[in-house]
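Please load the model in your viewer, with the backbone drawn as a cartoon and the residue labels within reach. The stops below can be selected in order.

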Amino acid sequence: MAGSVRLGQALGVGLALCVALTAAARAEPAAKDLFSAERAPSAAAPQSIGFYSKGCLAGGMEMPKDGPTWQVMKPSRDRAYAHPAMIALLQRLSVDARREANWRGLLFGDMAQPRGGPMKDGHASHQIGLDADIYLTEMPNRRLSDDERDNMPLPSVIDKRTRHIDERRWRPEMMKLIRTAAREPEVERIFVHPGIKEKLCKTAGRDRAWLNKVRPMYGHDYHFHVRMVCQPGSPNCEPQESTGKGDGCDKLDWWFDVALQPPPPNAKPYKKPPPIFLSALPRACAAVLKQPDAATTRVAAPARAAAPPPPAPAMADGFDAGAPMALAPEPAPAARPAMAAPVPPAAVPDDGRLPMPRFRPGG
Ligand SMILES: [Zn+2]
């Protein structure tokens with residue numbers, strides 16, 4: 001008898017515990033609320049923790065708002081933080097793009113929040129400081145105002161009707177730009193709209209090895225997404241599975257025939273996944289939230305030689321009413337710019353929303 005009483009008590013206690021735990025889970029704030037509230041990187045050695053879509057960033061660094069070969073867009077979003085190696089890579093790419101693609105400069109979109117982690121809106125990834133969006137719009141020949149950076153149109157290169165490339169907007173320089181990024185050994189992969197991948201496949205010519213890293217993805221029709229490999233000093237950074245072999249050009253049919261088609265009438269509506277809680281992120285991410293603010297780590301990675309800051313000579317201030325800068329870029333100077341010491345701090349990115357599929361056959 002005593003045994004069954006004890007069993008009953010144990011069950012009762014267990015039940016109460018369950019109820020308490022469920023309530024606690026319900027009270028736990030979503031990780032995106034915690035991480036989006038952080039205004040400064042943590043004072044710690046740089047470290048990417050977890051996976052690109054489930055993790056956080058310690059010791060992040062902010063991309064200076066302006067450089068000789070780049071400008072950071074969407075300042076109101078405050079998402080121009082990344083692992084210092086990523087900051088250096090992006091700055092290097094901006095110089096290489098000028099040389100290789102005759103591209104005046106890069107317009108950067110979202111990188112990560114000051115301490116990485118899930119975001120309130122937009123991306124599923126960009127959580128560990130190794131992802132960045134780069135617009136397919138060339139940097140204009142002048143410094144943009146904050147308002148322009150937040151509101152300037154950034155046109156798609158995809159024809160919305162056909163879902164293939166919009167030849168009026170596509171420029172051969174864009175292929176060179178993406179190729180330059182893909183050839184960088186530290187770039188793990190690049191995401192582009194399937195219509196862009198198709199265009200690259202058709203125009204790459206004989207040297208196609210770099211196409212392996214360029215992967216088709218929803219969205220990404222007005223920017224491309226650069227993902228960097230896990231960096232030394234980040235033992236908890238989870239690498240992504242290999243991109244396998246081949247240029248991937250034979251795998252685009254599914255995208256056009258199925259994935260990009262409107263969902264069938266009887267398809268279940270796409271349901272947003274539930275928010276991630278802090279307890280679901282790697283443990284070290286709770287510690288990252290507790291670390292003190294980094295002092296003034298707003299100086300960017302010294303990408304090669306430091307030289308004159310950016311007050312780009314030819315940049316007039318003020319917006320000349322709606323110049324279609326995206327479509328009528330002037331030829332960029334061929335000269336290789338001196339790598340500048342980054343200038344001011346600043347921030348943020350594009351609206352790189354990742355439109356998720358509503359209908360995904362085969363999961
Ligand atoms: Zn992105």
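**First stop: a buried loop residue**

Select His-126, which is found in the loop between strand E7 (106-108) and strand E8 (131-135); here helices (H or I, at least four residues) and strands (E, at least two) are DSSP runs, numbered from the N terminus. Before going further, note that this is a predicted model, in which local features need pLDDT of at least 70 and side-chain atom pairs count only at pLDDT 80 or more, while totals for chains, interfaces and linings use all residues. Residues are numbered from 1 along each chain as its sequence is written.

Although His-126 is not a glycine, it has a positive phi of about 60°. Is His-126 buried or exposed? His-126 is buried, because 31 other C-beta atoms lie within 10 Å; the cut-offs are 20 or more for buried, 12 or fewer for exposed, and partly exposed in between, with C-beta atoms placed from the backbone.

**Second stop: another positive phi**

Arg-163 is partly exposed, with 17 other C-beta atoms within 10 Å.

**Third stop: a pair to select together**

Now select Asn-141, in the loop between E8 and H4, together with Gly-105: their C-alpha atoms are separated by 8.9 Å, although the two residues are 36 residues apart along the chain. Asn-141 is partly exposed, since 18 other C-beta atoms lie within 10 Å.

**Last stop: the whole chain**

Finally, zoom out to the protein chain, which has eight helices and eleven strands, and in which buried residues make up 41% of the 363 residues.
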